[in-house]
Amino acid sequence: MNDKFYVTTPIYYPSGRFHIGTAYTTVLADSIKQYHKLKGEESYMLTGTDEHGQKIEKKAKEANKTPKEYVDEMAKMAKELWAKMEIEYDDFIQTTEERHEKIVQKIFDRFMEQGDIYKGEYEGWYCIPCETFFTETQLVDGKCPDCGREVGLMKEESYFFNMKKYANRLLKYYEEHADFIKPEYRKNEMINNFIKPGLEDLCVTRTSFDWGIKVLKDPKHVIYVWLDALTNYITALGYLSEDDQKFKKYWPADLQIVGKDIARFHLIYWPIFLMALDLPLPKTILVHNWIMMKDGKMSKSKGNVIYPEILIERYGLDSVRYFLLREMPVSQDGIFSPEAFVERYNFDLCNDLSNLLNRTVSMVNKYFEGNIPLYNGTPNEVDKDLEEYALSQIEKFDEKWNNYEIATSIQEIWNLVARTNKYIDETMPWALAKEEQTEKLKACMYHLVENLRKIAILIKPFMKDTADNIFRQLGIQEEKMKNWENLKIYDKIENSKVIEKGEPIFMRLKAEEEVEFLKNIMKK
C-alpha cells in the first residue's frame, strides 16, 4: 500500500451549467480518492477551471462581462455543484490565478532556453470551441473532427513546440509502462492516429486575441491554452514556486482522469511537456468515454440534457452517484435514460439493498429483541459457503477497482447483496425460530448483519450517506468496525443492537410517473 495518492480531474472549460456527463468525471475521481482514504492512504484531489483562450473571451463578450468576471462566476457555479455532490477536493485551481500564471511563464521561458520552442508562422484550420488547429486532411467534411462544428482558416505569427524531438521517446515510454494509459486501446489510437503518421509540432502561442498568459519576452503573444491548461497539475502543487512541498510530496500523480475528447492532449502533449521539464510522468492516465443519450450526445437543442442537481433534489445524492458509476463503463460510452435511472433505483437500491437491510433489522428485533447475537465461529455448510463467497467478492471488487474497472467492481458488491438475500431463503430463519433451532438462528442473524457491514464498507467511497445509515441501523458504532482493515473478519461484532424499527433507505418509485417526470425535465 502507498502512503499517499494524488488524483486529478481535467480542469473544466466554464461554458455554463454542468450536466451529468461533466459531473461523472469528478464523481469518479472523488470516489477513487475516498477508496484510497478508506484504505488509510493520505489522498489528495485536484480539480478546477480552464479560463483562458479565445472562446472564453467570446463567451464573456456575449454575456456583457469582462473575461475575469465571467470565469469567476463559472468557477463559483462549479464549486457550488461539487459541494452539493459532496466532492471532497483538496484544491480547486483557476488558471487565471497568479500562482498558476507566473509558473506557466517560467515554464515557457525554460522551453525557449532549451530550444524546445521556436518562432514561426501558422496557417491552418482552427476550431474555436475545441481550441485546436487541424490540417486539411484531419477535417471531416470540412468541419472539426472532434466536435463537428465549423472551422476557420487562420494565419498568424506563433511559437511552436518541437513535438517531433520527443516522439520516439514517448513511444518507448508507452512500450515500457503498461499501466500508463488505461484502457489500453487508447494507446493504440494515439500511436496509429497521431504519432506514426508523423507528429506535428504544436502551436503554443496566439496573437489574434488577448485573453491569456503573456509570453514574458514577447508580450504580443499569449500562451496557447493547452500549454497553459495542462501544466495546472503541477502548478497547483507549487512546482517552481517558493513553496514546493506539495509538489515534492505528491508528484508524480498516481491517477489523472480525462474524457475521451481531450485524450490526445493528455496522452501526447502532456507527457512530452513533462519530459522536456525532466519530470516523471503520471503513473496512470485513465480515459473514460461519454454518457450518451439514446439519440446521441447531450444537447440543449435536442432537449435531452439532464443536470445532476435535479436528480439529487428528487432522488438523493447517493442514488445519483451510484447510477453514474454503475451505468458508465470507463472503456465505452454509457447511456442515460429516464427508464434506466428509475430501474436501477427500484431494483438495485430499493429491492436489493434497502430490502435486505430492512428484513435483517426486522428479524433481529423479532427474534433477539434487537440484540445482534454473538458468533461462535463454527459455521455450518450454508454459513461457510456464504463466508467464502463474501470474501471472494471482496477480492474481486478490490482487484477490479484498482484496475479502474469501476462499473464491474460495483457489480461485484451487488452480487454479494444478491447472494445475501438468497441466504435468507436458504436458511429460512422463520422456520428456524419455529423449530427453536436457536444456535442456527443466531448464526443466521449474525451473518446477515456481518454481510451488511461489509457491504456498507465497500460502498462507502461512493455512497457515504447510505453506508453511514446502514451502520446506524445495525447499531455499529465502533469506527474500527467501519474500516477496510476489518473488512475480512467474521467474528468481531459485540454488544451491538439494531434500531427498534427499520427505516427503508430507498423507497420504491412509481416507475411510469418518474420516467415521465424526467422526460419533461429534459425537454425543458
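A nonpolar core is taken here as a set of buried Ala, Val, Leu, Ile, Met, Phe, Trp, Tyr and Cys residues joined through side-chain atoms within 4.5 Å, where buried means under 20% relative accessible area with a 1.4 Å probe, counting protein chains only. The model is predicted, so that local features need pLDDT of at least 70 and side-chain atom pairs count only at pLDDT 80 or more, whereas totals for chains, interfaces and linings use all residues. Residues are numbered from 1 along each chain as its sequence is written, and side-chain values use heavy atoms, with hydrogens and water left out.

The protein chain contains 19 helices and 14 strands, assigned as DSSP runs (H or I, at least four residues, for helices; E, at least two, for strands) and numbered from the N terminus. Its C-alpha trace spans about 90 × 50 × 40 Å along the principal axes. Buried residues account for 58% of the 524 residues. Of the contacts (heavy atoms within 4.5 Å) between residues at least 6 apart in sequence, 78% join residues at least 24 apart.

In soluble globular proteins, nonpolar side chains tend to be buried together. The largest nonpolar core in this model comprises 103 residues, and those with the most contacts inside it are Trp82, Met85, Phe336, Trp414 and Ile459. Helix 13 (residues 338-368) contributes the largest share of this core, 14 residues. Apart from this core lies another, of 70 residues, which includes Ile11, Met154, Val215 and Val258. When residues up to four places away in sequence are not counted, Met85 touches Ala23, Val27, Pro308, Ile312, Leu317, Val320, Arg321 and Leu324.

Helix 13 also holds Asn346, which counts as buried because its relative accessibility is 3%. Leaving aside neighbours within four places in sequence, Asn346 is in contact with Asn351, Arg508, Leu509 and Ala511.

In helix 2 (residues 54-62), the buried residues are Gln54, Lys55, Ile56 and Ala60. The elements that cover these buried residues include helix 3 (67-84), strand 4 (117-127), strand 6 (152-161) and strand 9 (205-206). Helix 2 is followed by Asn64, for which phi is positive, near 60°.

How values were computed: Buried < 20%, exposed > 50% of the residue type's maximum accessible area, 1.4 Å probe, protein only.
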